[in-house]
Amino acid sequence: MLSIKNLDAFYGKLHVLWDVSLELGNECVGIFGPNGAGKTTLINCIVGLVKPQGGTVEFDNKTLLNQETFQIIRSGIAVVPQERELFPLMTAAENLEAGSAYIPAAHAKRKERLEFIFSIFPVLKLKSSLPAAVLSGGEQRMLTIARALMAYPKLLILDEPSTGLQPSLTTDLFLRLKQIRQSEGISILIAEQNVRQCLKAIDRGYVIENGKIVLQATAANLADNDYIRKSYLGL
Amino acid sequence: MQIVSKLRERRYQAILGAIIMAVIILAVKPEVLLEGIQRSSLYAVIALPMALILGIVGIINLAHGDFMMLGSYMAYWFAVKSGLDPLLAMIPAMLAFFLIGILTFYALIKPVLGSQELNQLLLTFGLGLVLEEAANLSFTSAPLKLSVPYVSASLTIGDLTFGTFEFVYVLAAMLVFYIISLFLKKTRIGRAARAVGQNPKGAKLVGIDVNKTYLIIFSLSIAIIGTIGVLFAMRHSVFPVMGAPYTMKSFCLIAMAGIGNITGILWYSALLGVSESIITAIPGAAGWADLVFFALIVGAILIRSYQQRVK
């Protein structure tokens, strides 16, 4: 489904991604790494917000490198950005509507989709008439995920979804992601620093440090890996 | 009881204050209120398309009034060359200015999107100068005046006599406001434009073609201001720098109302238009009108800044 090969990206003269390769099929994959490791840059390369200097990015066997972000999103990739990127003056309902409005296939089925969204995030139904700006951090995070799901994506990418959430909400978030993956059968790519929680939701994971992939393994193997236990789980 | 509780809100207090003020002016000098409404409408209808560009594309278009000037010259050109009534000339002018908007966007605006605001300001300022000089070379700086008989029509009610044509501006302001509001709320492109105005990156991430949205909004706004220029030429003299004061006043109105607040533009236009009208009606004080206009703007911005700091 998603295939990244030998990706190199720069910010000006700063080389930020080095020969990164990543494969993702119908599964849930995690990308772990410290701040500044290149997780967000990798996601931005996938969705066209950063243009890489070398390598390939393919989705469903089609290259994404010559496409604009809106075209990539319309091809079936939905993103939950770290900074949420909601429309603050629009109501929660309008934000959800925006998630499907520009993807023709999703727009036709938006009413059924809203029912599904409200079943997994009931609080959004209660607050659907409020502007996104007045929702709490956790509610805004749920709204961003819900907005992405409104697009009926084949691949859902989440960039540090647990940032700013209290521990109980983080646990709840990963449970819901697992639930969505099971009920929808969609592929999920999660960039995350909260390795402990994320390992419960993923099938496989990559570790990225200083712009390079340094480790890849199944979730079970990562949980047993000494380096992961020491550096990311504090054990 | 509901009315009393509503009057505790500042918004309703302002509306009540405006109504009381209007009744007093109407009783003492009704022509001042009528002229104020006409003047306000003209300010509002000119400022609305500029607000659309600033609120959604994020560009301060300092050539705004110069596009209006071009529209006025187009009205003159149509009238002289083909004898076309300016009211009818608004239709081809709207189409022509939509195309001019598209060309301007691709040639000048798109390359500076995302660059520093100062670059954008200098670019549109330069564009305004180019348009003024082009008009100067083509038509000279001598004011031109269209001869349209029906613009001098007036109505007498009791002792009060007033021009009726200027109510076209009231109608135009209401129409433009209504169409823009409806467009932003009810159409797919309009909703996309609201999303882009609030968060361009978020808009890209829900599949909106942000550049296409910028193009449509910019071209639409230029089409509106060009058409308003045709309307303007029917009552006012046409000369190369006629648009500059309106660029400044429109920008000030947007600053007062707050970016993205098109309803606020109507209210502040009313405040400024009626205030100017009152000043102009005082014998020997007509020259103070602009001073009062800008003093009110400074005052309104200071009060808003103070309120925001207190919050």
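Q: By what criterion do two strands count as paired, and over how many bridges do strand 6 and strand 7 of chain A pair in this predicted model?
A: Two strands pair if DSSP finds at least two bridges between them. In this predicted model, strand 6 of chain A and strand 7 (residues 155–159) of chain A run in the parallel sense. The number of bridges between strand 6 and strand 7 of chain A is four.

Q: In what order do the strands of the six-stranded open sheet of chain A lie?
A: The pairing in this sheet is mixed, and the twist averages 15° from one strand to the next. Its edge strands are strand 6 (77–80) and strand 10 (212–218) of chain A, each of which pairs on one side only. Read across the sheet, the order is 6-7-8-3-9-10.

Q: At about what angle does helix 7 of chain A run to strand 6 of chain A?
A: Helix 7 of chain A comprises residues 137–149. This helix lies across strand 6 and strand 7 of chain A. Its angle to strand 6 of chain A is about 175°.

Q: Which strands are the edges of the four-stranded open sheet of chain A?
A: The four strands are arranged in the order 2-1-4-5, with antiparallel pairing. An edge strand here pairs on one side only. The edges are therefore, by the pairing criterion of at least two bridges, strand 2 and strand 5 (62–63) of chain A.

Q: Which residue in strand 2 of chain A stands opposite A:Leu7?
A: Strand 1 (residues 2–11) and strand 2 (residues 14–24) of chain A pair in the antiparallel sense over seven bridges. Within this pair, A:Leu2 stands opposite A:Leu24. The residue opposite A:Leu7 is A:Val20.

Q: Which residue in the hairpin of strand 1 and strand 2 of chain A takes a positive phi?
A: Two residues lie between the strands of this hairpin. The positive phi is near 65°, and the residue that takes it is A:Gly12.

Q: Which helix of chain A packs on the sheet by touching strand 1, strand 2 and strand 4?
A: The sheet concerned is the antiparallel one of order 2-1-4-5. The helix touches strand 4 (54–59) as well as strand 1 and strand 2, and its direction makes about 65° with that of strand 2 of chain A. It is helix 1 (residues 39–46) of chain A.

Q: Which helix supplies the largest share of the side of chain A that touches chain B?
A: At this interface, 18 residues of chain A are in contact with 15 residues of chain B. Helix 2 (69–74) and helix 3 (92–101) of chain A each supply at least two residues of the chain A side. By class, that side has 13 nonpolar, two polar and three charged residues. The largest share, four residues, comes from helix 2 of chain A.

Q: How far apart are the centres of domain 1 and domain 2 of chain B?
A: Chain B is divided into domain 1 (45–240) and domain 2 (261–311). Six residues of domain 1 are in contact with four residues of domain 2, and helix 3 (30–57) and helix 7 (167–186) of chain B each give two or more residues to the domain 1 side. That side has five nonpolar residues, one polar and no charged. Taken over C-alpha atoms, the separation of the centres is 23 Å.

Q: Why is helix 10 of chain B described as largely enclosed by the rest of the structure?
A: Helix 10 (residues 210–233) of chain B reaches 35 Å from its first C-alpha to its last, close to the 34 Å expected at 1.5 Å a residue. A residue is buried if 20 or more other C-beta atoms lie within 10 Å of its own. Helix 10 of chain B is largely enclosed because the buried residues number 21 of the 24.

How values were computed
Residues are numbered from 1 along each chain as its sequence is written. Chains are lettered from A and ligands numbered from 1 in the order in which they are written. This is a predicted model: local features need pLDDT of at least 70, side-chain atom pairs count only at pLDDT 80 or more; totals for chains, interfaces and linings use all residues. Two residues are in contact if their C-beta atoms, placed from the backbone, lie within 7 Å. Ala, Val, Leu, Ile, Met, Phe, Trp, Tyr, Cys and Pro count as nonpolar, Asp, Glu, Lys and Arg as charged, and the others, Gly among them, as polar. Axes are lines fitted to C-alpha atoms, for helices over the stretch in contact, and angles run from 0 to 180 degrees between N-to-C directions. Domain bounds come from an automatic or database domain assignment. The expected span of a helix is 1.5 Å times one less than its number of residues. A residue is buried if 20 or more other C-beta atoms lie within 10 Å of its own, exposed if 12 or fewer, and partly exposed in between; C-beta atoms are placed from the backbone.
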